[in-house]
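Here are my notes for a first look. Have the sequence and the model open while you go through the points.

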Amino acid sequence: MEFVKSKKGKEKVIFEGYVYVKQKKLAHGVVSFECEKRRNKLECKAKIKLRGVNLVGRLNNHSHGPDPARREILKVLQEMKKSAEETEEAPQQIISRSVSSISEDAKAKLPTVHQLRRNFRRYRQVVNNPPPVPLNISLPS
Ligand SMILES: [Zn+2]
């Protein structure tokens with residue numbers, strides 16, 4: 001059971017090679033998660049229910065197999081986001097370090113370097129929250 005956050009800040013959990021997205025809170029501290037493939041063409045209906053890190057229920061079988069590369073990708077994207085937010089390292093440096101740590105299979109499924117670099121700009125904008133650029137108005141003297 002591993003918890004990760006997507007780049008949009010959604011809580012996800014990786015369990016037995018499947019990725020689930022947080023769906024809703026239920027009574028007694030139980031949270032339901034649905035398979036992340038529910039909303040694509042597979043329409044997988046598998047769900048799990050967790051209380052903290054404990055599995056307390058599961059519903060429906062997956063309509064597809066597990067995807068181990070997906071786990072690596074989620075983890076590496078989370079790492080990159082963290083490095084982008086917490087360090088001043090150049091995006092290229094962070095990307096090449098992160099990419100070197102994953103399998104060939106995961107590499108093939110990773111977003112392109114171009115897309116990754118765009119993510120970096122977004123992460124850093126959020127973190128640094130730059131003040132609005134003052135308008136450069138020259139008054140007649
Ligand atoms: Zn599924």
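**Notes on cavities, the pocket and the loops**

1. Start with the largest cavity: Gly 17, Tyr 18, Val 19, Cys 35, Glu 36, Lys 37, His 64, Gly 65, Pro 66, Asp 67 and Arg 70 line it. Its volume is about 50 Å³. By class, that lining splits into four nonpolar, three polar and four charged residues. (Ala, Val, Leu, Ile, Met, Phe, Trp, Tyr, Cys and Pro count as nonpolar, Asp, Glu, Lys and Arg as charged, and the others, Gly among them, as polar.)

2. Before going on, the ground rules. This is a predicted model, where local features need pLDDT of at least 70 and side-chain atom pairs count only at pLDDT 80 or more, while totals for chains, interfaces and linings use all residues. Residues are numbered from 1 along each chain as its sequence is written, and side-chain values use heavy atoms, leaving out hydrogens and water.

3. On the terms: with a 1 Å grid over the protein atoms alone, a cavity is a set of points where a 1.4 Å probe fits but cannot get out, and a pocket is an open set with protein on both sides within 12 Å along at least five of seven lines; lining residues have an atom within 4 Å of a point. Points are joined across faces, edges and corners, and a volume is the space filled by probe spheres set on them.

4. How many cavities of 30 Å³ or more does a search of the whole structure find? There are two.

5. Now the largest pocket, with about 580 Å³ of space. It has 24 lining residues, and the closest to its centre are Ser 6, Lys 12, Glu 36, Arg 70 and Leu 74. Strand E3 (18-25), strand E4 (30-35) and helix H1 (68-86) each supply at least two lining residues, with H1 giving the most, at six. The class count here is seven nonpolar, three polar and 14 charged.

6. Where does the largest pocket lie? Domain 1 (2-59) and domain 2 (68-128) both give residues to its lining, so it lies between them. Those bounds come from an automatic or database domain assignment.

7. For the overall layout, the chain has four helices and six strands, in the order β-β-β-β-β-β-α-α-α-α along the sequence. (Helices, H or I of at least four residues, and strands, E of at least two, are DSSP runs numbered from the N terminus.) Of the 141 residues, 32% count as buried, meaning under 20% relative accessible area, with exposed over 50% and partly exposed in between (1.4 Å probe, protein chains only).

8. Two loop residues deserve a look. Glu 16, in the loop between strand E2 (11-15) and E3, has a positive phi of about 55 degrees although it is not a glycine. His 28, in the loop between E3 and E4, also has a positive phi, near 60 degrees, and is not a glycine either. Is His 28 buried or exposed? His 28 is exposed, at a relative accessible area of 70%.
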